[in-house]
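Trainee: I am new to this structure and would like a close look at one strand and its neighbours. Please take me through one part in a connected way.

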Amino acid sequence: MALDIKTCGMKDEAAIEAALSRGASHVGFISFPRSPRHLEIEAMAALRRLVGSRALVTVVAVDPDDALLDKIVASVSPDWLQLHGHETPERVLEVKQRFSRPVMKAVSIGSAEDVGRVATYLPVADRLLLDAKRPKGSALPGGNGVSFDWRLLDALDDGTLYMLSGGLDAGNVGGALGRRGVTGLDVSSGLESAPGVKDVSLIHRFFDALEAAGQAPAPGKTQERKAS
Ligand SMILES: O=C(O)c1ccccc1N[C@@H]1O[C@H](COP(=O)(O)O)[C@@H](O)[C@H]1O
């Protein structure tokens, strides 16, 4: 089965069109003012209209309160909400129920202990996103362009499905393919010429690398609309 490919931190039409033309299943927008990829709600809503139903729009927020989520859901109408902060399993469930949207929960992985926390989100998150830990000194909980040691994930229980992120790019994506449990890939910095600046040629290079490794996403097709 082809993997889902989430191109994240998208801010401009050319980059979105390039990603969609190559079969991105998800387009991610960042709501986090400290990020170079942050979008105000109005800009996000306009780009959401551009995407339409061609991919699943995912809005990424970090420990958002209900007021922010209210605005995002009302104005952007995302297909998915991604929680990328310290949200507890209880908060994930609350967000799902209150906003009637599937929730992707990001879990930062840097140690065996982090891998152990993944199971606590399985009963509540519609999808897990396993990302690298924030490097020391970074203001961002994600989108740092760094990978983690994927071998740590070998300790996950059999059947644990997840989207992988953290420092993916055309050069290393081949190594992510075929790992047990990976159902999707989430990429942001690896498509950029500078923080927050997507580069169409890097987008094509990323999808070329996927194709060269035998993973050809089908434009307009999403493998998994709901869970996992
Ligand atoms: O991208 C950001 O700026 C960001 C800000 C706040 C929370 C999450 C963020 N990004 C997420 O991190 C992954 C991995 O990014 P990268 O490929 O390592 O740069 C990204 O796809 C977003 O889901």
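Mentor: What follows is a walk around strand β4 and the elements beside it. Residues are numbered from 1 along each chain as its sequence is written. The model is predicted, and local features need pLDDT of at least 70, side-chain atom pairs count only at pLDDT 80 or more, while totals for chains, interfaces and linings use all residues.

Strand β4 covers residues 80–83; strands here are DSSP runs of E with at least two residues, helices are runs of H or I with at least four, and both are numbered from the N terminus. In a regular strand the side chains alternate between the two faces of the sheet. In β4, Trp80 and Gln82 point one way, whereas Leu81 and Leu83 point the other way. All four are buried, meaning that 20 or more other C-beta atoms, placed from the backbone, lie within 10 Å of a residue's own.

Strand β3 (residues 56–61) runs parallel to β4 and is joined to β4 by 4 bridges; two strands pair if DSSP finds at least two bridges between them. Thr58 is the residue opposite Trp80. Strand β5 (residues 103–109) is also parallel to β4, with 3 bridges between them. There, Gln82 has Met104 as its bridge partner.

From β4 the chain passes through helix α4 (residues 89–99) to β5 in a right-handed β-α-β crossover: with the strands pointing away from the viewer, the path from the first strand over the helix to the second runs clockwise. Likewise, β3, helix α3 (residues 66–76) and β4 form a right-handed β-α-β unit.

Technical notes:
Buried ≥ 20, exposed ≤ 12 C-beta atoms within 10 Å, placed from the backbone.
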